[in-house]
Amino acid sequence: MSLSRNQTRYHERLLQVEQEHLWKRYARLNQLVPAGGTVFLGDSLVEYCPISELLTLDGPVYNRGVHGTTTLDILKHLDEQLLGLKPKRVILWVGINDLRIYSPEQTLENIKRLVEAIRQALPDCSIFMQSLLPVNFERFPRDQKGRNSQTIAQVNAGLCDLVDQVFFVPEALFDEEGRLQQNLSVDGLHLTVDGYLPLIQAWSDYFKASIS
């Protein structure tokens, strides 16, 4: 059932209020926590990830996800979500919301702008990226709005030219048809806790190997 115009406006305003709250929250937290460490930067896929509970690295690990945001939203709020922490490494996980609005080519250009802004502001910060997840809307009907296997693959193919290292999606998250495993997804887009485990293990293995 589609939402009425008033309902749509209400949901849009509610999302805006929630996002503004998170940006203010992060700005304040940045003043209270140690600088350095690792920052995971992105949208709801980052915000809902149990990073602090399940990932242990050298130094602090910060989750700076904001649901509903595009790459350009994050660029506008880079101080709150990243720069205030002065991290030694950042893992970007962005772009899936861009595909609701932009082509894969423009999405990559948006990510490039974000990466360049980080490099300019934090020249000693290592930049990594988690590739976009597959989606699976067969069981969870919703408006795909440009988010499908083809557009996601196009974006992922261009990521290696933008950052120091790309973490590609583990095979455990794909079903036999190359879509997101239904039993590891909440809604065909977001992950359950078990869905995050292969990703967290891959991040942990990489950084432990690079540190040792």
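Trainee: What order do the strands of the sheet come in?
Mentor: The order is 2-1-3-4-5, an open sheet of 5 strands with parallel pairing. Strands here are DSSP runs (E, at least two residues) and helices likewise (H or I, at least four), numbered from the N terminus. Two strands pair if DSSP finds at least two bridges between them.

Trainee: Which strands stand at the edges?
Mentor: Strand 2 (61–65) and strand 5 (165–167). Each has a single partner strand, so one side of each lacks a neighbour in the sheet.

Trainee: Before I go on, what kind of model is this?
Mentor: This is a predicted model, in which local features need pLDDT of at least 70 and side-chain atom pairs count only at pLDDT 80 or more, while totals for chains, interfaces and linings use all residues. Residues are numbered from 1 along each chain as its sequence is written, and side-chain values use heavy atoms, with hydrogens and water left out.

Trainee: Which residues are on which side?
Mentor: Arg89, Ile91 and Trp93 are on one side, with Val90 and Leu92 on the other. In a regular strand the side chains alternate between the two faces of the sheet.

Trainee: And what does strand 3 pair with?
Mentor: Strand 1 (residues 38–42) runs parallel to strand 3 and is joined to it by 5 bridges; there, Gly42 stands opposite Trp93. With strand 4, strand 3 pairs in the parallel sense over 4 bridges, and Arg89 has Ser126 as its bridge partner.

Trainee: Which residue does Arg89 meet in a salt bridge?
Mentor: Asp58, at 3.3 Å, N to O. A salt bridge is a side-chain nitrogen of Lys or Arg within 4 Å of a carboxyl oxygen of Asp or Glu. Arg89 lies in strand 3 and Asp58 in the loop between helix 3 (51–54) and strand 2, so the pair ties together parts that are 31 residues apart in sequence. Arg89 counts as buried at 8% relative accessibility, whereas Asp58 is partly exposed at 26%.

Trainee: How many salt bridges does the whole structure have?
Mentor: The search finds 6. Glu138, Asp175, Glu177 and Arg179 are linked in a network of them.

Trainee: Is Glu138 buried or exposed?
Mentor: Exposed, at 57% relative accessibility. Arg179 is buried, with 19%.

Trainee: New topic. How many aromatic pairs are there?
Mentor: The count is 9. Rings of Phe, Tyr and Trp (its six-membered ring) pair if their centres lie within 6.5 Å; planes under 30 degrees apart count as stacked, over 60 as edge-to-face, and the rest as tilted. One of the pairs is Trp93 with Trp203, edge-to-face at 6.0 Å centre to centre, with 80° between the planes. Trp93 lies in strand 3 and Trp203 in helix 8 (residues 193–211), so the pair ties together parts 110 residues apart in sequence.

Trainee: Which residues do ring pairs link into a cluster?
Mentor: Phe40, Trp93, Tyr196 and Trp203.

Conventions
Buried < 20%, exposed > 50% of the residue type's maximum accessible area, 1.4 Å probe, protein only.
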